[in-house]
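Dear colleague,

Please read the notes with the coordinates open beside you.

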Amino acid sequence: MKNLVISGNSLPNIPWEDRPANCNNPLWRYSANPIIQRDLLPDSNSIFNSAVVPFDKGFAGVFRCDDKNRRMTLHAGFSDDGVNWKINEEQLHFDCNDDEIGEWVYGYDPRVCFIDDRYYVTWCNGYYGPTIGVAWTTDFNTFHQMENAFLPYNRNGVMFPRKINGKYAMLSRPSDTGHTAFGDIFYSDSPDMEYWGHHRHVMSPAAFEVSAWQCMKIGAGPVPIETSEGWLMFYHGVLRSCNGYVYSFGSALLDIDEPWKVICRSGQYLISPQKEYECVGDVPNVCFPCAELHDPVTGKVAIYYGCADTVTGLAFGYIQEIIEFTRRTNIL
């Protein structure tokens, strides 16, 4: 892959820490994790599973902040360096022309994707069960809510950073009302960000005997990265162990023009719960990626992930090495 091409704008100020001398893994944790503690806000019980993007001269994001009532809320936040964050204490409010759609029930696990001239926010929205809420913003102060993308029940709505075959594109995971014990990744497209269709199956969980960390359910993580080798998608996978669910994450390459066709997927995980802040918290043993920042010039990528449904961690790697890892451990 000497001639690997990575799409996106140059990001010379990407948060970064070099690989530790004793580490041979394609992804390594930030030594100062967790970067966002659970009590950063006066009323926050936990801050995790959140989305960040380059914005202005620094970074902005939408953060899942469960409050001390244990309500799942969303908050906007800003950072100069992508590591130290100022998150608004006031809950994010959506402007919506339809009172029924705009009625707030709950919101969690957001993603943010920049397309054309605006930032689209997708999140798990409460509307007679979990579905995919959609909104857009240009300044992370005013958010305009659109129609929900899908019927309940659905989670992990992740948009692609450009139109594909002339249409907006999104990954999702149909689910149920509770702690879903199943889950495949699907692809859908839309001509107008309102009506979604042409649903295509992308990936199922792996067989336990083949790759146990992703044998129960899977779901898309951050916005996919476009490369000359295909769309690089980070995704979480779940193992049902004798002590409960274990969330790890790995990687896959999707076809550029038909992203529902998988080129390869990692049999090994990139990150699994091993550090104390990943293993101990409100929901033990969870590493859940929701955002990435990447610099096409250097090939660096920084991945933000929720840890034990309590705090937020950061991991680093090189896109070329991760693609090589995905091909080397491919289970297809």
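Phe55 counts as buried, at 18% relative accessibility, a value to be read with the reminder that this is a predicted model. Phe140 is likewise classed as buried, its relative accessibility being 1%. The ring centres of Phe55 and Phe140 are 5.2 Å apart and the planes stand at 75 degrees, which makes the pair edge-to-face because the angle is over 60 degrees. Since Phe55 belongs to strand S2 (residues 44-55) and Phe140 to the loop between strand S9 (130-137) and strand S10 (143-145), the pair ties together parts that lie 85 residues apart in sequence.

Over the whole structure, the search finds 26 aromatic pairs. One of them joins Trp28 and Tyr318, whose ring centres are 6.2 Å apart with the planes at 50 degrees, so that this pair is tilted. Trp28 is in strand S1 (residues 27-29) and Tyr318 in strand S22 (residues 311-318), and the pair therefore ties together parts 290 residues apart in sequence. As for accessibility, Trp28 is buried at a relative accessible area of 3%, whereas Tyr318, at 25%, counts as partly exposed.

A charged side chain is also to be noted: Arg118 lies over the face of Trp136, at 4.0 Å from the ring centre.

Terms used: Residues are numbered from 1 along each chain as its sequence is written. This is a predicted model: local features need pLDDT of at least 70, side-chain atom pairs count only at pLDDT 80 or more; totals for chains, interfaces and linings use all residues. Side-chain values use heavy atoms; hydrogens and water are left out. Rings of Phe, Tyr and Trp (its six-membered ring) pair if their centres lie within 6.5 Å; planes under 30 degrees apart count as stacked, over 60 as edge-to-face and the rest as tilted. Helices (H or I, at least four residues) and strands (E, at least two) are DSSP runs, numbered from the N terminus. Buried means under 20% relative accessible area, exposed over 50%, partly exposed in between (1.4 Å probe, protein chains only). A charge sits over a ring if NZ of Lys or CZ of Arg is within 6 Å of the ring centre and within 35 degrees of the ring normal.
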